[in-house]
Amino acid sequence: MKALSNADFFRGPLMVKIAAFLFISITFYYVGKHWSDGYQQLVFFTATTTTSQTPSVSISPNNDKLFNISSLAENSLPPVPAPVVVVTEGAVVPPPPPPPSDSIQRFGIVDENGTMSDEFEVGEFDPDEVVENWGVGNGSEVENGDAGGSRRARVKRFELCPSSMREYIPCLDNEQAIKKLKSTERGERFERHCPEPRRGLNCLVPPPKDYKTPIPWPKSRDEVWFSNVPHTRLVEDKGGQNWIFRVKNKFKFPGGGTQFIHGADEYLDHMSKMVPEIAFGQNTRVVLDVGCGVASFGAYLLSRNVITMSIAPKDVHENQIQFALERGVPAMVAAFATHRLLYPSQAFDLIHCSRCRINWTRDDGILLLEVDRMLRAGGYFVWAAQPVYKHEEPLEEQWKEMLNLTTRLCWEFVKKDGYIAVWKKPLNNGCYLNREEGTNPPLCDLTDDSDKVWYADLKACITRLPENGYGAIVPKWPDRLRTPPDRLQSIQFDAYISRKELYTAEYKYWMDIVGGFVRALKWKKIRLRNVMDMKAGFGGFAAALNDHGLNSWVMNVVPVSGPNTLPVIYDRGLIGVMHDWCEAFDTYPRTYDLLHAASLFSLERKRCNISTIMLEMDRILRPGGRVYIRDSLSIMDELKEIADAMGWHVTLRDTSEGPHASYRLFVGDKRLLRP
């Protein structure tokens with residue numbers, strides 16, 4: 001047998017096995033030595049043998065301590081000498097603790113009796129969400145700087161407005177403009193009078209002194225914190241009518257109204273028995289409540305799958321809309337005066353007026369003509385007022401005038417029962433065209449755009465119904481939410497593909513996005529009751545919230561700078577409003593839990609200052625509320641700079657398209673600022 005050369009010897013399998021064995025042995029040796037010398041011992045029992053053969057128990061120095069095993073590799077714990085406790089023979093060693101019992105986990109708070117309870121109220125803010133000593137003033141710290149090659153103002157910090165502005169609505173509280181009005185006899189003072197751009201809001205509207213986290217829905221339907229809306233005028237004026245009363249630190253809402261002091265549910269049942277075809281939640285899905293008070297009518301319709309736009313002016317009972325929104329009920333400030341309301345034609349399946357203090361027959365019925373414009377073909381007008389049931393001469397005269405006007409409008413008088421009267425609007429123009437020549441009010445011109453509502457004057461004419469029947473017939477709820485409506489084809493909208501395909505694609509897109517928010521950002525676990533979509537499109541975001549089971553309602557805002565998709569939104573069974581984001585919105589401060597804006601700022605930055613929109617968002621957002629902005633990457637730095645100046649906590653996230661996409665998701669949390 002030939003001797004192996006040196007090279008062959010080291011290549012042989014025997015040497016490989018020997019080398020591997022030595023390597024493993026040395027490795028274990030050093031690991032063991034390193035473990036024992038550098039770390040506390042994890043030994044819980046030892047048996048040492050002494051000369052007297054006395055048994056002993058050694059107690060680890062780590063007894064009753066918790067260890068993070070993953071941190072052992074950091075070699076940061078100093079060695080601790082192990083004390084030895086000697087137990088002599090005959091001594092009793094304590095028995096080990098019993099195993100934990102299989103019990104059901106419960107979450108809640110421990111009450112004064114020491115028992116767990118899930119009946120508790122959230123009122124105070126987490127200290128991490130409160131910023132003290134923010135500062136008060138009428139202005140803000142601003143310095144000039146460059147941004148992307150163009151000069152603009154860099155805001156270092158927005159100060160808090162004076163406490164007198166805590167319920168400030170810029171376009172409704174412009175006293176200088178109101179004083180200059182030539183006349184106020186038709187309610188002009190309750191309409192929009194926005195300040196000039198240079199005199200707009202430039203500070204942060206503060207909350208009341210003892211502001212608390214709002215009571216969550218559905219409990220908020222029946223009670224809210226007094227400190228959040230600290231006004232007692234309505235209690236003093238309407239307490240006897242079962243609207244509202246105060247109990248200690250809360251306002252309570254028993255569900256009554258001026259004409260339904262025994263409760264809204266009984267009132268709604270009465271209405272349903274009068275006219276079964278109303279069919280709340282099926283035929284009737286979208287309602288307008290005029291002069292809504294604290295919105296108990298709309299609050300109780302929610303349980304019948306009906307969404308109600310509750311409106312009232314900011315008049316002597318100026319906080320009624322604020323109460324409604326604090327309760328979690330859809331509402332906004334609006335008045336029948338000299339301009340069209342900001343809703344499209346054929347928007348509402350039913351319009352309700354219960355002692356709403358409006359003279360419907362004045363100026364040859366111009367206000368009732370506005371109701372007719374907004375009422376869907378075949379829809380119902382419900383009037384509950386003293387002229388319906390009282391037999392005093394002036395009231396009887398008002399009743400005759402109302403019957404005469406509604407007959408000339410071709411409304412069908414359906415029924416009068418007790419203090420409620422119901423009319424029905426025709427389905428087509430047939431009756432209008434068959435009236436005697438010269439009958440007033442006339443039909444509007446064919447050129448009239450009945451969906452043009454932004455600062456549009458009221459017209460003393462009857463709005464024509466579309467000859468093709470669009471808007472007259474919609475599917476029952478909930479089918480109408482997903483069915484492309486006929487009016488999708490009639491809106492002015494630039495689309496290069498089928499509009500129905502675009503409509504369906506938008507819905508599927510938001511279903512995916514909202515589904516991701518629910519899974520990743522736990523949307524079902526945070527307070528999302530009052531929601532606003534600031535650029536709503538066809539209402540796909542609101543539809544997705546509904547279909548994902550989120551217990552919220554959405555105010556769908558259609559900007560004047562884009563196509564008017566409001567008719568489609570209402571045909572789906574949703575609510576919305578036209579608005580220009582270069583101006584303030586008609587709502588009270590601290591009324592929304594979530595503001596959602598997709599591609600809004602990249603559009604509106606060409607028209608107005610971004611800080612104007614952001615300050616308005618801060619005004620209407622509740623402390624603890626959240627903002628989601630999905631927009632181009634180029635605008636994110638400016639948004640974050642403004643948000644930081646307002647005290648928001650901001651995070652930027654990648655969209656589902658990934659980190660290299662041109663869009664980002666801006667998430668802002670509003671904190672409670674205190675002076």
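Cys431 is partly exposed, at 34% relative accessibility (buried means under 20% relative accessible area, exposed over 50%, and partly exposed in between, with a 1.4 Å probe and protein chains only). The model is a predicted one, in which local features need pLDDT of at least 70 and side-chain atom pairs count only at pLDDT 80 or more, while totals for chains, interfaces and linings use all residues. Residues are numbered from 1 along each chain as its sequence is written, and side-chain values use heavy atoms, with hydrogens and water left out.

The partner of Cys431 is Cys410, joined to it by a disulfide with an S to S distance of 2.1 Å (a disulfide is a pair of cysteine sulfur atoms within 2.5 Å). This link is left-handed, with -80° about the S-S bond. It connects distant parts of the chain, since Cys410 sits in the loop between α10 (393-408) and β14, and Cys431 in helix α11 (residues 430-433), 21 residues apart (helices, H or I of at least four residues, and strands, E of at least two, are DSSP runs numbered from the N terminus). Cys410 itself is buried, at 10%.

In total there are six disulfides, and, with bonded cysteines counted along the chain, they follow the pattern 1-4, 2-3, 5-6, 7-8, 9-10, 11-12. One of them joins Cys444 to Cys461, S to S 2.0 Å, and is right-handed, with 90° about the S-S bond. Both cysteines lie in the loop between α11 and α12, so the pair ties together parts 17 residues apart in sequence. Cys444 is buried at 3%, and Cys461 is buried at 12%.

Turning to the rings, 29 aromatic pairs are counted (rings of Phe, Tyr and Trp, the last by its six-membered ring, pair if their centres lie within 6.5 Å; planes under 30 degrees apart count as stacked, over 60 as edge-to-face and the rest as tilted). Tyr267 and Tyr419 are stacked, because their planes meet at 5°, with the ring centres 6.4 Å apart. Tyr267 belongs to helix α5 (residues 264-274) and Tyr419 to the loop between β14 (412-417) and β15 (420-424), 152 residues apart. Tyr267 is buried at 1%, whereas Tyr419 is partly exposed at 26%. A single aromatic cluster includes Phe336, Trp360 and Trp423.

Charges also meet rings: the charged end of Arg157 sits over the ring of Trp134, 4.2 Å from its centre (NZ of Lys or CZ of Arg must be within 6 Å of the ring centre and within 35 degrees of the ring normal). Arg285 lies over the face of Trp477, at 3.6 Å from the ring centre.
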